[in-house]
Amino acid sequence: SDDLNNTIQEMKVKYSELEASFLGLFDDPLRPPVSKLQAILISLEHGGWNSSNLAGMRVFARLYYMHFWATDRGSGGEVLHQVKEPVSDYSPVVVGDSTYRYVWYVDVDRVGSAHSIPPPGLYIVDAATGEIVPWGLP
């Protein structure tokens, strides 16, 4: 009877975790032109993911404000901050050799505590245009 109660309790915990993850895909209070769900779908299609190679994987997305640069000395990108409140304009801004973008940072990694570095899939999706942004290119 204790085993049954423990099993039921574990199932409730797993269900609530699953429910939170599922609802997290659709709960998008920031409302950029490209939603979190759209960014995930764009990333999965771009990376060639399907139901079989996604088995045992976790898909994670966060909205960031990033700085990208490309000069004759090189190119790169850096996260400036995570976006936690709605923004009036999600469009990219170009200043000289730099581009500032609101992007969805979509990560496909193995389920569990040990994560791969780099993960099996890491995609940056422009929150205004839906385009995949290569690291280091404005």
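**Notebook: strands, pairing and cores**

The model I am reading is a predicted one.

I then looked up the strands around that pair. Strand β2 covers residues 74-82 and runs antiparallel to β1, with 8 bridges between the two. I noted that 2 residues separate β1 and β2, which together make a hairpin.

Next I went to the overall layout. I found 2 helices and 5 strands in the protein. Along the sequence I read the order as α-α-β-β-β-β-β.

I turned to the interior. What share of the 138 residues in the protein is buried? I noted 30% for the buried residues.

I looked up how these residues group. The largest nonpolar core holds 19 residues, and Leu-63, Trp-104 and Val-106 have the most contacts inside it. I listed the elements that each give at least two residues to this core: α2 (36-46), β1 (57-71), β4 (98-110) and β5 (121-126). Another core, of 6 residues, lies apart from it, and Tyr-64, Met-66, Val-103 and Val-133 are among its members.

The accessible surface of the protein is about 8,800 Å². Carbon and sulfur atoms account for 55% of that surface.

Key: Residues are numbered from 1 along each chain as its sequence is written. This is a predicted model: local features need pLDDT of at least 70, side-chain atom pairs count only at pLDDT 80 or more; totals for chains, interfaces and linings use all residues. Side-chain values use heavy atoms; hydrogens and water are left out. Helices (H or I, at least four residues) and strands (E, at least two) are DSSP runs, numbered from the N terminus. Buried means under 20% relative accessible area, exposed over 50%, partly exposed in between (1.4 Å probe, protein chains only). Accessible areas come from the Shrake-Rupley method with a 1.4 Å probe; for residues, only the protein chains shown count as cover. A nonpolar core is a set of buried Ala, Val, Leu, Ile, Met, Phe, Trp, Tyr and Cys residues joined through side-chain atoms within 4.5 Å. Two strands pair if DSSP finds at least two bridges between them.
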